[in-house]
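Dear colleague,

Please find below the structure that I am handing over to you. My findings follow directly after it.

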Amino acid sequence: MRDRALLMIPGPIEFEPEVLQALGAPTTSHVSPEFIEIFGESLEMMRDVWLCPSGQPFVVAGSGMLALEMAVVNLIEPGDKVLVLNTGVFGDRYADLLRRYHVDVSVLRAPLGETISPQQVEDELKKQRYKLMTITHVDTSTGVRTDAKLLATIARKYNVLSVLDGVCSVAGEELRQEEWGIDVALTASQKAIGVPPGLALMVAGPRAIETWRGRKMPVSNYYADWENWLPIMEAYEARKASYFATPPVNLIYALNVSLKRILEEGMEERFKRHQRFGRACKEAIQALGLDQVPTDLAHSAATLTAPYYPRGVIGSEFLPKVRNAGVILAGGLHSEIKDEYFRIGHMGGETSGDLLATIGAIEAGLKGCGYEFELGAGVSVAQRVLRS
Ligand SMILES: *Cc1c(COP(=O)(O)O)cnc(C)c1O
């Protein structure tokens, strides 16, 4: 009997065997010709995944939080005004992080489960001159997706830099960085990129690089300073050896494998598949009679689903039952409703079979908790959407 369960949380996700094999291979020197080629090629592929042909990719060892920090510290200087668009926990994080750098932070907070109102953003940008605005594309604590295209367009109209926290979206949700005018779009390896945790990834557009070059003060964070990293990225892309800090060699081999698989699928097909999976999961959850944290399907993520427990079901009973049925899900993260909901991740290379098994395991968990519904109702709806 297979002992392991499907990991259907919003990161880390299920990884492809080929990606895991790259991690287990003997480690090469970080300046070997073989590795230089793999790193250079990975940087080139990132432009195609982010859809940002004129962007500058960065790959550094660290988690998504480092990517959040690196994206902004290179652009802000003490006293700058920054607007944080908050649709959940990761908006709170961005505001906390920014306050450490002596900038003037304002927050526009959407009510729980709602998305950001573009009108409100426009009113705020009209009122005051901001240097930079952060947008969480998908907040993993609420499952809310913002309209990144529209919000970035508004930022551009007021000449404000836009930084997109795409940790739960890049390579899953539709994202066209260059066309949408997003200045930095960042993510981490363990979500839709499909590589175990450990890489902070971002692509910076020309306006961001230009702003960084025009700084008056040095960057206040040594490790995250593009001054240290840009020459390294440029060297590897030119297929030359260079060193600032040892790159996570095996993770970059794994990244290379995963980016190739992503581009083999094609970005347009990948966006469509994630939309289809998102809709299948959400409609299945609806069919089971469960409410969801996002107040409207129109602003719900394709990459994860956040259902409320039905009356009489509690997480500490439900989640272990789902685990016994072969699937690992995540509990709540948002402090206001932490024990009232759970989260299902469905991104990256996860298959329709994985999703159907997940809905089946959720049904088993709900039945085990005494919740009344017609067994198979969720699975049959998911099947229908997946085959449509
Ligand atoms: C997961 C996540 C992060 C944090 O990434 P870590 O790798 O856990 O540091 C930040 N923002 C969003 C939207 C995320 O989903």
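A nitrogen atom of the ligand is 2.8 Å from an N or O atom in the side chain of Asp165, a polar contact being a pair of N or O atoms within 3.5 Å (within protein, one must be able to donate a hydrogen and the other to accept it, and residues adjacent in sequence count only if both atoms are side-chain atoms). For an oxygen atom of the ligand, the distance to an N or O atom in the side chain of Lys191 is 2.7 Å, and an oxygen atom of the ligand is 2.2 Å from such an atom in the side chain of Thr140. Of the ligand's own accessible area of 380 Å², the protein covers 88% (Shrake-Rupley method, 1.4 Å probe; for residues, only the protein chains shown count as cover).

Please note that this is a predicted model, in which local features need pLDDT of at least 70 and side-chain atom pairs count only at pLDDT 80 or more, while totals for chains, interfaces and linings use all residues. Residues are numbered from 1 along each chain as its sequence is written, and side-chain values use heavy atoms, with hydrogens and water left out.

There are 13 residues around the ligand, and Ser63, Gly64, Thr140, Gln190 and Lys191 come nearest (near: a heavy atom within 4 Å). The shell comprises seven nonpolar, four polar and two charged residues (Ala, Val, Leu, Ile, Met, Phe, Trp, Tyr, Cys and Pro count as nonpolar, Asp, Glu, Lys and Arg as charged, and the others, Gly among them, as polar). Helix α3 (residues 64-73) gives the most to this shell, with three residues (helices are DSSP runs of H or I with at least four residues, strands runs of E with at least two, numbered from the N terminus).

Seven strands form an open sheet with mixed pairing, in the order β2-β10-β9-β8-β5-β3-β4 (two strands pair if DSSP finds at least two bridges between them). β2 (56-61) and β4 (104-109) stand at the edges with a single partner strand each, so one side of each has no neighbour in the sheet. Strands β9 (residues 184-188) and β10 (residues 199-204) pair in the antiparallel sense over five bridges, and Ala185 stands opposite Val203 in β10.

Two backbone details remain. The peptide bond from Gly11 to Pro12 is cis, with omega near -5 degrees; Pro12 is in the loop between β1 (6-7) and α1 (17-24). Ala171, although not a glycine, has a positive phi of about 75 degrees, and its place is in the loop between β8 and α7 (177-180).

Yours sincerely
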